[in-house]
Structures are given as C-alpha cells and as structure tokens.
2 protein chains.
Amino acid sequence: MDTTPKEPPVATLADVARHADVSTATVSRCLNSPAQVGARTRARVMKAVAELNYAPNFGARALAAKQTNTVGAVIPTMENAVFARGIQAFQEELGRHGKTLLIASSAYQETLEDEQVRALVARGADALLLIGYDRSPALYEFLEKRSVPTLVCWAHETGKPQPAVGFDNAAAMAALARQVIAEGHQHIACISAPMGANDRARARVDGIRQALSEVGRDPDALFVTEVPYGIETGELALEKTLKSAPDTTVVMCGNDVLAMGALRAARRMGLRVPEDLSVTGFDDIEIALLADPALTTVHVPHREMGRQAARTLVRMMGRDGAPESLVLPTDIRWRGSLCPPRRSVDA
Amino acid sequence: MDTTPKEPPVATLADVARHADVSTATVSRCLNSPAQVGARTRARVMKAVAELNYAPNFGARALAAKQTNTVGAVIPTMENAVFARGIQAFQEELGRHGKTLLIASSAYQETLEDEQVRALVARGADALLLIGYDRSPALYEFLEKRSVPTLVCWAHETGKPQPAVGFDNAAAMAALARQVIAEGHQHIACISAPMGANDRARARVDGIRQALSEVGRDPDALFVTEVPYGIETGELALEKTLKSAPDTTVVMCGNDVLAMGALRAARRMGLRVPEDLSVTGFDDIEIALLADPALTTVHVPHREMGRQAARTLVRMMGRDGAPESLVLPTDIRWRGSLCPPRRSVDA
DNA sequence: ATGGAGCTTGTAAGCGCTTACATTTTCAGG
DNA sequence: CCTGAAAATGTAAGCGCTTACAAGCTCCAT
C-alpha cells in the first residue's frame, strides 16, 4: 500500500520555514510571539504549519527555552479523596494557564517523597506542589539551589519560610475541639493518622490539646491512637481506644475516613452514635454526609485550595516570582454524630 | 554573603566530564549503560557526578534521545474515585519502570479530551492511556501518524482495533441483570450516566437490555434515566424514575455514586430498601460497603487494571511494541440492597 | 613475540528550537 | 524624493545530551 518507503515522520520547524519561504526564526516567532511578525507573512506561515501538520518538538523547545511549562506535584496518594479532589482542581486551573501536570505519589513515606521530588525536577518540572511542610532540609536546599518555585499545600503555618496555600490544621481542629468541650465532653479520645512525617496529622492532634489547655485541662491526658489511613484501621482504632479508655464519650478523628471506621465499629459494638458515643471527622468529604448519622466534621475547601495553589504557583513561575502565601478558611459542619455526653461523669 | 557573583547555576555533562577527566560520551555512558564503562573510570565519573551534584538536563536528553520517558493519561476526572484509584496504581507501576505520569482531564467532554490528548503529545508523552473507546477517528489517526502507543482502559470490546486493558462493561452488567431477573423482578429501571460520548455507560445499559432479551422480554421497554455523575443527580433520577415508572421494583444504576443517590432518595421518599425497592450499583467503590443497606454491585478490579495497564503500556513502548489486550474479570458482590420484589405483580 | 578479537574511550555530528544581533524593508516627516 | 527610526526578517550560535564511528588498549592463542 504505502509506496513511499520512508516518509519524513514528522515536520520540523525548518520544514515549515522552507515551505513558507521564510527563516526558521520567523516561524518560531509566529508561534511564540505572533505580534512580532507581519500579517501577510504570519498568514503564510500559519498556512504552512497547518498544511504540514506541524507540532513543535517538546525536547528541543525545552532545551532552547529552558522551560517545560510542566509543573510537578507529589501527593501521598490519589486514593485519598481529599487529594484527588484538590489535585483535580489544581490540574484544571493549571491547564487554563497552559501548564501540564506531572504527578507522583509518596505513599506517605518521606524517603519516597524525596526521591519523587528529585525525579520530577529531573523530568523538567518548572515548579512543584508539595503537601505539608515535613521534609528533609536537604530537599529544600536542593530545590532552592535549582531555584524551582515550590508551594506547600494542605497546610499553613505562620513563620515557615516556605510559601503555602492551605489552612491552619491546628486552629481548625482546635475550633472543633472547643465545640466538643462546650458540649460538655470530659473524656475526649483521638484517632489520628500516623504523625511520623505528617505535619498535618500532628497539627490536628495538637489542635485538640491546645483547646484542652485553654480550659485548664491536661493536654497530655488526651488518649491518642495512631493508625494508617483506612476504614478498617479506623474500626480497629476505636476498639483499641474503648478498651484502653472506656470512659471516652467522644472520639475526634484526624480525618473522615478514620471517623467512618469509628462509626462502623461503634455500631458493631452496639453503641449508639451519638447518644453513647460522639464521633467527629476532618475534611468533609462526601462520605461524611452519607454516613448515618451524618458526620460532624471540619469542612476544608479542597477544590478552592487546588485552584488557588495553581494560580499562586503560576504567579511564582512568572517574572517576579514573588512567593506568596494564602490561608483558606475552614469551618465546622454540625451534623448528627456529635451531641452532649449522656452521663456527665465526675468533675 | 555570596562572594561569587555568578556561580554556574547547574552542572552540565561537560562539567562532569572535565571534572572526571574523561569525554562527555563516557559520562553519558556511565549514566545510561554503566556496563559499557570500565570499573575504575566509572567510579571516577560517579564521584564527579556526586561532587558536582549533577543531574541531566531533561530537554537536552529528550531532544537527543528522542524520548521523554513520560506517559500521558487523559481521564474524565480524578474526583471519580474509580479513576483516582486506577490512576494511582497506574502511576505506581509506571514509577517502577522509570516512567513519569503526565495527567490531564476531559470532564467527560469529547472535544476537551481531543485537545488534552494533543497537548500531552505535544508535551512529549511517549505513550498514552485513554479511557474507553469513544473518540473521533481523526484523533486516532493523529496518534497513529505520530505513532504514539495508546492503550484504552476501563473498557474492553472484542473486535476493536485499539488495544485495551479493561473489562467488558456490557457483559458485567448483563450478568448482574440476570441475577436481578432471577430474583423475580419484572419492572427494572435504570439510572445511567449520560451516554453521549461514554461507551462504558452505553455498554452497561446495553448489558441490561441484553439480559432482558435473553429471557424474551422487550429490551426497549427498559426505563432509562440519564443524569450526570453525582449523588444529588442520582436522587433526582430516582424521583423521576418512580414518577414515570411507578411499578419499578428495582433500579439498576450505572455506577455506585448514582446508586447512593438512589438509596438516599428512596429513604427520603419513605421507601424501604430492599423490601420496597431494590437498588444495584457498579464499580464497587468503598462507599458501596458503607451504605445502609450495603450496595449490591459489580466489583471491578480498578487497582489491578491500573497496574496491568501500566505494564502493558511499558511493553508497548519497548522494542517490539506489540499491542496486546487484556480482559480483567469482574464479579458480582451480593449485599443487602437487592432482594426479590415484594409484590410479584402480574405475569 | 605477534595479530587481532574484544573492551574502553574519544571525537564530533547532530537533535529541533530560541534568540541576540545583524540586515533589510517600510514609511512618516521634511 | 530623501532621511532615519521603527518594524520585519534573516543569520547563526548555541542549549546539553546521545551515539555512530574511530581509535587506542588489553591480553590471549599462536
């Protein structure tokens, strides 16, 4: 069928230039800054581009222009709806600015994250989105040295040198804890994601402790169970909690998924929620509304955060590159899983 | 502080070569095919690499090697847990093979998908992962011409020219429909995602029709409501369904999220599930288990699919590039939302 | 010793595009 | 019709890396 044994696989800039009878520089200008080119010439070039079905070679462009227009993101895992949602918005906004998203995941492991960050930079990421602050100084130095604009997301702590678009995990959880305390709960327990290299998880637990301190209670008395992200793990955590701290009247969970686990375990153990045991979450993912009873939780504007992160990063990649932070507000969603404790035991 | 006014921003291959007193070719070989280099030389080069903190320039490498080691994926949206999960596994497996994931989303719009595919190719994607078969022939031609290995996912139909790693949506849904029929249901309704440019949604509805035909019923009598993906839309769809087809004893939904909506609406309308109305889903996402009653649905091995897709694509990118398809098995998860109809009305 | 097979290493030619600088064209004002 | 500034276009030098080809070595069978 195909008579030509070796057709030029794909047109190059030079082909277009020849076809339109102009120099390669003119073609390049037509594509990158059309205003610089005369109208008739431009028309001719564009026609040639269309006829040859020309598309610039990515590598060559990256090499010559020293930028790839791709931004990288390293997230713990897409399976967490929270990140999926935020990243989706992030990517959409990025697309609006002509940038493409390069993605990698760390599975919540610091060393893996380190690796992934370097890999993305090696892959030509012009900028980076990272989750939370926790990572080795060496990594930050590396990014600094390569001058890769980097934005922290899903967290925001004043006083940190890194620009961030996120929310104050500690303050948000503290606000919820205050409400819990106001409801009259004396025995608060907490189920948290592993706090090892996860500043967000840590901050949330700290938020509870902070609220406890405010009312003169011993923050160190807070019973905390750390378990990996997951519904089953949340169930196990609740069992463990009630075994070790049977007086518990409310379990504040580090995220909605753990809370769902707690809810299930409670039901399985014959406890009524919220009458016998109150449960709270964090994130306000869809599941929180679907739960029975619906979960009282901290609402986080994940989509908005993703969008703002993209905008901020794009701005940081621009000329000035002024890093700027943004704190997004969170708020408490009151739903059925929280009520005053039945038996207002002891002092 | 910094006394040197202009430090070389970042080391190049040539710098390393000079530092190790070898040619650039040797350094390149050390990095790409170490076996070709003598042990002592290699050690010296590696030392230089480490000392200079060298990292290859992506653009240059891509230009010279004519490949970027990145693969692109265009998915409808990450907010759908199904894709989030599959893509997560896809990315992990890709990482294991030294490839990076470039991601874009189509919001279920064909024109947007077309655009995104071209953008990813322009961004140097060496291969592509696409969801389902539905897209313009022009796009397929484009990919063919650029010889970009492309794999279809989340679907598999025999007889299609495109290689695919997925499952048979129609067969899976037909299997479930057969069970529903076996339970004695005479009035089946269906809530589906918009079938416009979504072959998966179409195939699932077709599956029900097929099962209906098999037992001699009129497939065209199936009452189908099409609504966008979402819980609220699922609720609306159920209301609409029961208004138009009040005899309905079972609603088969195109996916679990719509089913969740149906479940909620049913409860809100005072219907007991499954006694008054049975509901089924498709996908078996976490939420299906959490629902009350738990959702009877079609289990799809999303993670496994992602992993296999990555492996297949990597193989396709290799020397031979032999396209190969893979059909993954799905199975029915029997749970509480389906039971025989209460009133076995008419014939 | 000696030729040469098999390793190692070096030389240098691009890969396709951007862009600083040079050159030519255009055109308003005189 | 001339002049010079501004606009349009061209020239050509890289960008940093890979790799075909060539050259230099090592070392063993002869």
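A residue counts as buried if 20 or more other C-beta atoms lie within 10 Å of its own. In this predicted model, A:Y108 has 20 other C-beta atoms within 10 Å and is therefore buried.

**Backbone features of chain A**

A:Y108 belongs to the loop between β2 and α6 of chain A. Its phi is near 65 degrees, a positive value in a residue other than glycine. A second residue of this kind is A:S147, with phi near 45 degrees, again positive in a residue other than glycine. A:S147 sits in the loop that runs between α7 (137-145) and β4 (150-153) of chain A. Here the count of other C-beta atoms within 10 Å is 10, so A:S147 is exposed.

Most residues other than glycine have a negative phi, and most peptide bonds are trans. Two cis peptide bonds can be described in chain A. One joins A:V273 and A:P274, with omega about 10 degrees; A:P274 is part of the loop between α11 (256-268) and β9 (278-280) of chain A. Another runs from A:D292 to A:P293, with omega near 0 degrees. The loop that holds A:P293 lies between α12 and β10 (297-299) of chain A.

**Contact between the chains**

How many residues of chain A are in contact with chain B? On the side of chain A there are 38, and they meet 38 residues of chain B. The elements of chain A that give two or more residues to this side are α4 (58-65), α5 (81-96), β2 (100-105), α6 (110-122) and α12 (286-290). The largest share, eight residues, comes from α5(A). By residue class, the side of chain A that touches chain B divides into 21 nonpolar, ten polar and seven charged residues.

**Nonpolar cores**

The largest nonpolar core has 174 residues. Those with the most contacts inside this core are A:C153, A:A262, B:C153 and B:A262. Not counting residues up to four places away in sequence, A:C153 touches A:L129, A:L130 and A:I131, then A:A164, A:V165 and A:G166, and also A:M305 and A:A309. Another core lies apart from the largest one and has nine residues, including B:C30, B:V37, B:V45 and B:A48.

| Helix pair | Distance between axes | Angle |
|---|---|---|
| α10(B) (231-244) and α11(B) (256-268) | within 7 Å | roughly 55 degrees |
| α8(B) (169-182) and α9(B) (199-214) | 7 Å | about 40 degrees |

Angles of 65 to 115 degrees count as roughly perpendicular and those under 35 degrees as roughly parallel; α10(B) and α11(B) are therefore oblique to each other. Their crossing is right-handed. From α10(B), the residues that meet α11(B) are B:I231, B:E232, B:T233, B:G234, B:E235, B:A237, B:L238 and B:E239. Their partners in α11(B) include B:V257, B:L258, B:A259, B:M260, B:G261 and B:A262. The residues of this contact of α10(B) with α11(B) divide into ten nonpolar, three polar and four charged. B:A262 was named above among the residues with the most contacts inside the largest core.

The crossing of α8(B) and α9(B) is right-handed. On the α8(B) side the contact is made by B:N169, B:A170, B:A171, B:A172, B:M173, B:A174, B:A177, B:R178 and B:I181. On the α9(B) side it is made by B:R200, B:A203, B:R204, B:D206, B:G207, B:I208, B:Q210 and B:A211. The contact of α8(B) with α9(B) divides into ten nonpolar, three polar and four charged residues.

**Two residues of α6 in chain B**

B:L112 is placed in helix α6 (residues 110-122) of chain B, and B:V117 lies in helix α6 of chain B. Are these residues buried or partly exposed? B:L112 has 16 other C-beta atoms within 10 Å and so is partly exposed. B:V117 has 24 C-beta neighbours inside 10 Å and therefore counts as buried.

Leaving aside neighbours within four places in sequence, B:L112 is in contact with B:S106 and B:A107. With the same exclusion, B:V117 is in contact with B:V74, B:L128 and B:L139. From C-alpha to C-alpha, B:L112 is 9.7 Å from B:P76, at a separation of 36 residues in sequence. B:V117 and B:I103 are 14 residues apart in sequence, and their C-alpha atoms are 9.8 Å apart in space.

Notes: Residues are numbered from 1 along each chain as its sequence is written. Chains are lettered from A and ligands numbered from 1 in the order in which they are written. This is a predicted model: local features need pLDDT of at least 70, side-chain atom pairs count only at pLDDT 80 or more; totals for chains, interfaces and linings use all residues. A nonpolar core is a set of buried Ala, Val, Leu, Ile, Met, Phe, Trp, Tyr and Cys residues joined through C-beta atoms within 7 Å. A residue is buried if 20 or more other C-beta atoms lie within 10 Å of its own, exposed if 12 or fewer, and partly exposed in between; C-beta atoms are placed from the backbone. Two residues are in contact if their C-beta atoms, placed from the backbone, lie within 7 Å. Axes are lines fitted to C-alpha atoms, for helices over the stretch in contact, and angles run from 0 to 180 degrees between N-to-C directions. Helices (H or I, at least four residues) and strands (E, at least two) are DSSP runs, numbered from the N terminus. Angles under 35 degrees count as roughly parallel, over 145 as roughly antiparallel, 65 to 115 as roughly perpendicular and the rest as oblique. A crossing is left-handed if the near helix is turned anticlockwise from the far one by less than a right angle, and right-handed if clockwise. Ala, Val, Leu, Ile, Met, Phe, Trp, Tyr, Cys and Pro count as nonpolar, Asp, Glu, Lys and Arg as charged, and the others, Gly among them, as polar.
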